[in-house]
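Let's take a friendly tour of a protein model, one feature at a time. Keep the picture beside you as you read.

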Amino acid sequence: MVDEIVMYGADWCGDCRRAQRLLEGRGASYRYIDVEHNAGAREEARRIGGSTKIPVIVMPDGSVLVEPTDPELAATLDRLAIR
């Protein structure tokens, strides 16, 4: 279990930028880990997400979203009362 939102992504990833916009638009605090420049982080994202898809977003309750749509990410933030 983590005590923060952790997002694994890459600068070139459009879905990652979209998820960041949604998180920032909601004022949600999160830690961004760039998998493009960190092989260890890339492997960790694969282990957590079960695939090579990004973003991988780990929520404070331990739930994991892999390449979520905006409605999926927003619903999870709402469920966890993250504004």
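Helices here are DSSP runs of H or I with at least four residues, numbered from the N terminus. With that in mind, remember also that you are looking at a predicted model.

**Salt bridges**

Glu44 forms a salt bridge with Arg47, and their closest N and O atoms are 2.7 Å apart. Because these two residues sit three residues apart in helix H2, about one helical turn separates them. Glu44 counts as partly exposed at 28% relative accessibility, whereas Arg47 counts as exposed at 59%.

How many salt bridges does the structure hold? The number is seven. Here are three of them, side by side:

| Salt bridge | Closest N and O atoms |
|---|---|
| Glu44 and Arg47 | 2.7 Å |
| Asp78 and Arg26 | 2.5 Å |
| Arg31 and Glu4 | 2.8 Å |

Now look at the other two pairs in the table. Arg31 forms a salt bridge with Glu4. This pair links distant parts of the chain, 27 residues apart: Arg31 belongs to strand S2 (residues 30-34), and Glu4 to the segment before strand S1 (5-9). Arg31 is partly exposed, with a relative accessible area of 40%, and Glu4 is partly exposed at 29%.

Asp78 forms its salt bridge with Arg26. Asp78 lies in helix H3 and Arg26 in the loop between H1 and S2, so the pair ties together parts that are 52 residues apart in sequence. Asp78 has a relative accessible area of 40%, which makes it partly exposed. Arg26 counts as partly exposed too, at 24% relative accessibility.

**A residue in helix H1**

Find Gln20 in helix H1 (residues 14-25). Is Gln20 buried or exposed? At 18% relative accessibility, Gln20 counts as buried, because the cut-off for buried is under 20%. Setting aside its neighbours within four places in sequence, Gln20 is in contact with Met7, Tyr30 and Tyr32.

**Cysteines and disulfides**

A disulfide is a covalent bond between the sulfur atoms of two cysteines. How many disulfides does a search of the whole structure find? It finds zero. Two cysteines to look for are Cys13 and Cys16. Cys13 is buried, with a relative accessible area of 5%, and Cys16 is buried with a relative accessible area of 0%.

Most residues other than glycine have a negative phi, and most peptide bonds are trans.

Pro55 lies in the loop between helix H2 (39-49) and strand S3 (56-58).

Next comes Glu67, which has a positive phi of about 50 degrees although it is not a glycine. You will find Glu67 in the loop between strand S4 (64-66) and helix H3 (70-79). Glu67 counts as partly exposed, at 31% relative accessibility.

The last stop is Ala81, in the segment after H3. Ala81 is not a glycine either, yet its phi is positive, at about 55 degrees. Ala81 counts as exposed, at 58% relative accessibility.

Conventions. Residues numbered from 1 in each chain as written. Predicted model: local features only at pLDDT ≥ 70, side-chain atom pairs only at ≥ 80, totals over all residues. Heavy atoms only, no water. Disulfide = S-S within 2.5 Å. Buried < 20%, exposed > 50% of the residue type's maximum accessible area, 1.4 Å probe, protein only. Contact = heavy atoms within 4.5 Å. Salt bridge = Lys/Arg side-chain N within 4 Å of Asp/Glu carboxyl O.
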